[in-house]
Amino acid sequence: MRVLIVEDEAKMAGLLQRGLRNEGIAADLAGEGEDAIWMAGATEYDAIVLDLMLPGMDGFEVCRRLRDDGVPSPVLMLTARDGVDDRVTGLDAGADDYLIKPFSYAELLARLRALVRRGNGERRPELQVGDLRMDPATRRVWRGDREIELTTKEFAVLEVFMRRPGEVLSRFQLLEHAWDYEYENRSNIVDSYVRLLRRKIDRPFGTQSIETIRGAGYRLREGGA
Amino acid sequence: MTRLPIRLRLTLAFTVMMALLLAALGWFIYARFDSELSDQIDQSLRAHGDDIASLLAHRDIGRSATLLGREESFAQVLTPDGRIYATAPQLGPRPQLTPAETARAARQPFLVTRPRIRTITGQGRLLARPVQARGQTFVVVVAASLDDRNESLRNLRTILLIGGPVALLLASLAGYVVAGSALRPVEAMRRRAAEISAGESGQRLPRPEANDELRRLGDTLNEMLARLEAALERERAFVDDASHELRTPLASHKTELELALRYAATPEEMRTAIASAVAEVDRLVQLAEDLLVLARTQEGQLPLEVRRVRIADLLGDLRERFASRIGESGRSLTVHPADGLVVEGDRARLEQALGNLVENALQHGDGEITVRAALEGREVEIHVEDRGPGFPPEFIRHAFERFSRADPARGGEGTGLGLAIVEAIAAAHRGSAHVANRDGPGADVWIELPA
């Protein structure tokens, strides 16, 4: 999962980025509206956290421009103002959810997960492909009844697969959804993580759920192995 | 009287005035009519007297016993000693004057009103006058009835006594109606005023069409409403801003602590988080104190301990306070106190104001910081200058507004209240605060205090 944080207050932005990364969520920062619009156009973010109070263009305007540009990523607005008018304006500008500062960090995470789930047309908070199960809220993964221990990044890569079961995902798509801009664009990092994942979710169970599609990328088999 | 409604009071006052006026007018008309009629009667008595006088003077008729014919209702000619010389036949042989009256009439004429006079019905008027004829003096006595006159006056009185009150009643009713319609805009304004609540904005009282006192009153009240609304709007904006300014640091503060709770694995990480949280709390404390100062000045309650303050001492303390921080920053602070300058003021508050200015210069300016004081006319000016980039031109107009920062991104350091507090303190000292850019370049912020 990859999220764009649009926040001009450096301290808050840094904290959010650190927190999300701790959750295995790739997080990029934009300090102002223009940057945010450019970045959201270039990368398909799973969600955008947008502060209302920005220098120059405010959050409402950024949101409107994002929607005009056809950016589909769900937008979670943050604001220190709690007027009903602001909330209405925010939602009407195309935001999907709204949080008032100071918010609970746990709530922010939960709302982000809910937004991403909704964006994928899912209803259940758990993801399931074959007998592979994932709970993004608690960051736990099971094959059948057995729980699998994954590192944060392994989890992030598996989540990308599990949100699009049966789809062929290119190395670039995987990279785009599981890593943020701070990682260099080395596609063999994707291969390394796929290898690590197979070692944990397939080999112990004798399954082959992650397929290599020659010249295209990888695919998580829908019917399981 | 003052307890009655205005409409009734106006009508009552009008009615009383009107009653006095009508009574005076009625009396005047009656008196004029009376004197007119009396004059007429006296005139005709005199003419009658003249007629008899000229008959008496006539050579033939004057001597005749038929000097006064049958048609005369009341006429006698007497000699000064009271004997009858001639009389109207109906009167008979009795003189109509007493001997004293006859003697008086022989000297000069007189008019008298009598309740009863022979042959005349009702009240009568009598004229007696001397006439010189045939070498001797006669007294001619004529009289006429006052009945017609009295009848006319009675009629007039009746008309006045009935017509007056009717006119008074009609006028009062009209007055009541007019007062009501004149006061109707007041009631309309009152009703609207009762509906206006603090929450709504843009509500105004209805203005009467006519360009009158009530319209001016309405306009004045509406202007007052507009001023109150603007003040309320400023208050609301201040509270909005204040809540935003409090929430922003609180938000990152809270997130920081939550992250530490969730992820911090080592005591070192925990320590870093707590240290950062402490710094954040310091900032919040400063913000709360600044807000308190501003709130108090707004209510006009900023307590000042006014004493004689020597500017040289004030600036000396300021330099000492910033000495270590100036040293750390590698910049310099120069103080030029003019000798012998003294102001009446609260030393702690003045130091706070100047401290804010030096703090700003330290954080946002660059190069040497100069603090100088000088007497300009009747004011003491204390300037704080730096050699940084100065203020953005569009900021200068809003420099003293609360929460305005030269750096539009609100996340910047400081509360955005520093200059607002400087101005509030200067104003509490009946002084003022100003900003400008130096040609240097650099920023120049100063306060002016009455010397």
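Two strands pair if DSSP finds at least two bridges between them. Helices (H or I, at least four residues) and strands (E, at least two) are DSSP runs, numbered from the N terminus. With those terms ready, let's look around.

## About the model

This is a predicted model, in which local features need pLDDT of at least 70, side-chain atom pairs count only at pLDDT 80 or more, and totals for chains, interfaces and linings use all residues. Residues are numbered from 1 along each chain as its sequence is written, while chains are lettered from A and ligands numbered from 1 in the order in which they are written.

## Strand 1 of chain A

Strand 1 of chain A (residues 2-6) pairs in parallel with strand 2 (residues 26-30) of chain A through five bridges. Strand 1 of chain A also runs parallel to strand 3 (residues 47-51) of chain A, joined by four bridges. Look at L4(A): its bridge partner in strand 2 of chain A is D28(A), and in strand 3 of chain A L4(A) stands opposite I48(A).

How many of the five residues of strand 1 of chain A are buried? Five of the five are, where buried means 20 or more other C-beta atoms within 10 Å of a residue's own, exposed means 12 or fewer, and partly exposed lies in between, with C-beta atoms placed from the backbone. In a regular strand, side chains alternate between the two faces of the sheet. Here R2(A), L4(A) and V6(A) point one way, and V3(A) and I5(A) the other.

## A loop residue in chain A

G215(A) sits in the loop between strand 11 (210-213) and strand 12 (217-220) of chain A. Why does G215(A) count as exposed? Because it has 6 C-beta neighbours inside 10 Å. G215(A) lies 45 residues from S170(A) in sequence, and their C-alpha atoms are 8.9 Å apart.

## Helix 2 of chain B

Chain B holds nine helices and 12 strands, and 26% of its 451 residues are buried. In helix 2 of chain B (residues 99-107), the buried residues include T102(B), A105(B) and A106(B). Viewed down the axis, the buried residues of this helix fall within an arc of 105°, so they line one face; the arc is that of the directions from the helix axis to the C-beta atoms. On the face turned away from the buried side are the exposed residues A100(B) and R107(B).

What do the buried residues of helix 2 of chain B pack against? They pack against strand 1 (75-78), strand 3 (110-114), strand 4 (124-133) and strand 5 (136-145) of chain B.

Terms used:
Contact = placed C-beta atoms within 7 Å.
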